[in-house]
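Dear colleague,

Please find below the structure that I am handing over to you. My findings follow it.

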Amino acid sequence: MIIKCPYCGPRDVIEFIYQGDATRTRPEPASDDRAAWNAYVYDRTNPSGSHSEYWLHSGGCRQHLLVTRDVSTHAISSVVFARDAAVSAKSGELA
Amino acid sequence: MTSSRLSKGGRIDRSKSVRFTFDGKAYSGHPGDTLASALLANGITLFGRSFKYHRPRGVFAAGSDEPNALVTVFTGDVREPNVRTTELEIYDGLVTQSQNRFPSLEHDWMAVNQLAGPLFSAGFYYKTFMGPAIGPLRGTRFWMFCEKFIRRAAGLGKAGTAADPDRYERMNAFCDVLVVGSGPAGLIAAEAAATTGARVIIAEERPVAGGSLLASGELIDGRNPAVWAREKAAALANMPNVRFLTRTSVWGYYDGNVLTAVEHVSDYKPNRTKGQPRQRHWVVRTGRTVLATGAFERPIVFPGNDCPGVMLADAVRRFAIEYGVAAGNNVTLFTNNDSAYDAARALSQAGVNVTAIIDVRSDVSGTCRDIASVAGAELLLAHAVTGTHAGKTLSSITVQHFNAETGRVSGAPREIKTDCLGVSGGWSPAIHLASQAGGKPDWDEDLQAFLPPEPNQNWVTTGSAAGYMDTISVLSDAATKGSAKSRLVLPHVEAPMLDASPAPVFEIEPSIKSQKAFVDFQHDVTADDIRLAYREGFHSVEHLKRYTTLGMATDQGKTSNVPGLAIMADVRGITIPQAGTTRFRPPFTPVSLGAIAGERYGDLRPHRLTPMHDWHLANSARTYEAGLWHRPMIYGSHGETVEQAYTREARAVRQSVGIVDVSTLGKIDIQGPDAAEFLDRIYTNMFSTLPVGKARYGLMLREDGIAFDDGTTWRLAETQFLMTTTTANAGTVMQHLEFFSDCIWPDLRVHLTSVTDVWAGSAISGPKSRAVLEACVIGTKVDNVALPFMGIVHGKIDGIPVMICRLSFSGELAYEVYCGAGFGTKVWEALLAAGNPFDIMPYGLEALGTLRIEKGHVTGAEIDGRTTAHDLHLDWMLSKKKPYIGSAMIGREGLKDENRLSLVGLISMDNQSITGGSHIVTDPVPREPADSFGHVTAACYSPALGKYIALALVKHGTSMIGNRAFATDLLRDKHCPVEIVSHHMFDPEGSRMHG
Ligand SMILES: [Zn+2]
């Protein structure tokens, strides 16, 4: 598998570390909603098809990437910096 | 069967001879021969014994699809088993041996296995594993009893035990277009791509380009197609943007258009050029792949189809045209399609005598009839072969009337003398790589074969791999598949008009069962085995494959896949596409592990050494590996045991002063306006309140509330912290911080840098440690006011800038002295010199461990991924004023359960050592299984207490204090009475480190 890092270019998967499901939302730090925390920490939907997930380019620029990957074909449709995605998600919330 | 060399023909060099041995006998062949063609030319037709039944087998195919004719190749002491004779190029001095026979190929004792046929039928291994339900051999014990006999009787070649002396290489290659195969399709596709300027790699598994053109009876531009192919290949290889790899088998297709291949660089040569590897492993990353992998002819299954002399029709043709070898004197052909007539034409042109063509179809075209009559072959339409007669090789076949519509055999059997029967059951596109890439293949009713799936990556198939079975359409397809912009002028092809679609006949089942009819030759799976599997309930192809082992041998079912599916579909009364097919997996052909490993063998781990490593070695340190790091265990004195050494070192720390290398601790530089806020969220305790110039011990949890790592973090400036982590977790903590900074809190302005290797660290501990510093540090005071507990100062030692923090892991008055890594030894030696008047003692990890066990400080042995802060009595570090990672989850009832294991100390009651990993039990007698209620995490002899002590995680830990128990370790034969005590075993008030 080859991941096109926005900073480093197309790189082999051995340079990356899988960092998990990027679809879950972390509750507000002070939240005491047990169910929400439990879902965030443990629940994964394991879908077939398109999935968004975090990959750390540990052997390259050490940025976390938000990768959209079809888990049945491994075809990658989008790669962006996770930081940028998180920032725009937060500004979306505020708007 | 009397095979022999023809007087002319073949791409062999008849002017030279090559000497080799097979089963101890010397033979000769010519350069260009494979072992199979050379042995056939010498009249050898018996090549080996079969897997289960030890039946005599000959060569069946002429390429990488060969199931039968496998040999072991010997090079000195090294043996390589299961080498396909049809691919093995002979060279002077080649030593080969047939396989799976005892004591010799001609006289094989295990051939009696044939009489025990039912015993070895489908599912034999599964049934045997179950064993009888009762008795001494019940269950798998029966298997264990039988195994050594069965292992000897069944199997392929034996693996060697000698180390492989050969060298292998690895290559990474990048290209715009990778073309797999260099038959007519591959050559034209490569040319089309290369003329557009693309970077092209062509991989051909055989020694020469040409594929089907090498054994074709057609003409291209009026010339021999093999010559046309050779010139085309040479022209391509000369292009600067083309890399042409021969003897290179592409064996794997992975995601992202990454393909793997093995190039046989020199293993076909008698003497290797100095420095040449035996094989080279390629990982090719390509923009686009053109799969021009050709097609495999498949057999028709009929009784007695496995004796030497029965081969694929195309193999008979290839031996004649490519190698100038007649596989028999009187060749007969048995077919359900037109391609056998093309073979007959080519064979008779090459001077091979074709006496009869048996065709299951009731009618054939005029072209076919003409070919048969020109070749002088009797044409038997609506007939099928229903049996063979053979001793060690074929002497005659039985044919009967056959109705292709009903599949019924009828009429009187007729005997036809023949020593070689070429069989053609149609052609299956070689879709292996396309299937590996992931798609489900499509059944084509016309070709009665699976076509490649829809591409799911940037690849195309072309030529016969894509279902084009005549040269003209192959070439025009290849030109467009090679490049959409192709303007190639295609050559003129002269070929007979033949129809590629076979009659849907896969098996001939005679009315009276006589001989076994084999589907998978390499695993000895018969048509009846498939029917038996069905009767026993194994209906899906996946179950069928595993139960019968069909297609699971080293040839991966190249010849058996479609016939096996057809028989299964037939018993189930469904069509072949309904039965479905299994997905092909890498490797396409067997790959040696040496080639995959390349130069990567032996100890591949990096060795991490601290800046003071050489000093340690020069001062009699015994080191061991802690993760990747090499760290001093003890500094040995002559005649001392390890225990004596660490006891001496630890005692020196408590009595005067010791020094230990702590450079391995993980160190992360954290900077930014929000650095303090970031740490407040990461750590369970507060860091924003930490004054500049002070350090604080911190604890991190995972999101699920379990303890993760601990260490001290130093505030160097308002917006700068230096975090230290445990040695083992340095990498994972960095990753953890980066994840939260990148993905969760991108709004925090903080920057993380790993500085582990930037700093050298020396810890000096003991009542005299301050005196040592006072003697060598300039530029700062180090007294209790200037440098209080957890204080940080900057100064110089021996002219080197240092940063000193007063903190203690040993429980003594102690300091960590950090300097630039390049000056580590200089500062270390300066500290030693200053400590000389106090008999400063360098100490290793064993003494470090002893000191912390005495104090009850935790490390990775206790922060083991299962314990909570509460279990480790670190509740006092859990801030109630702020949320932090894990804070929402620590309150869960499972994490507060009273039955959880918690940290205690143990003291040995019989003055014997306690071993790490011992279980805590109440039973005074060692037994198995014991009712364990805890385990020992770390143990040592404590010089401070004069006793053997340990730390343990014990159920109801705190309330068990004062009780007695036993630390039991049945593996080491230990059962030690212990008293459970508080984990603070030495100086619980901490008066010494505050002193
Ligand atoms: Zn990168």
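In what follows, helices are DSSP runs of H or I with at least four residues, numbered from the N terminus. Please note that this is a predicted model.

I begin with chain B. Just after its helix 11, Gly537(B) takes a positive phi of about 100°. Helix 11 itself covers residues 527-535, and its buried residues include Ala527(B), Asp529(B), Ile530(B), Arg531(B), Leu532(B) and Ala533(B).

I turn next to the interface. Chain A contributes 28 residues to the contact, and chain B contributes 25 residues. Together, the two chains bury about 2400 Å² between them, with 52% of this area on carbon and sulfur atoms. On the side of chain A, Arg26(A), Arg34(A) and Arg83(A) supply 23% of the area buried against chain B, more than any other three residues.

As to specific interactions, there are four salt bridges between chain A and chain B. One of them joins Arg62(A) to Glu738(B), where the closest N and O atoms are 2.8 Å apart.

Several elements of chain A each supply at least two residues of the side that touches chain B: strand 3 (17-21), helix 1 (34-42), strand 4 (50-56) and helix 2 (82-94). Helix 1 of chain A provides the largest share, six residues.

Yours sincerely

How values were computed:
Residues are numbered from 1 along each chain as its sequence is written. Chains are lettered from A and ligands numbered from 1 in the order in which they are written. This is a predicted model: local features need pLDDT of at least 70, side-chain atom pairs count only at pLDDT 80 or more; totals for chains, interfaces and linings use all residues. Side-chain values use heavy atoms; hydrogens and water are left out. Contact means heavy atoms within 4.5 Å. Buried area is the accessible area (1.4 Å probe) that two parts lose on being put together, summed over both. A salt bridge is a side-chain nitrogen of Lys or Arg within 4 Å of a carboxyl oxygen of Asp or Glu. Buried means under 20% relative accessible area, exposed over 50%, partly exposed in between (1.4 Å probe, protein chains only).
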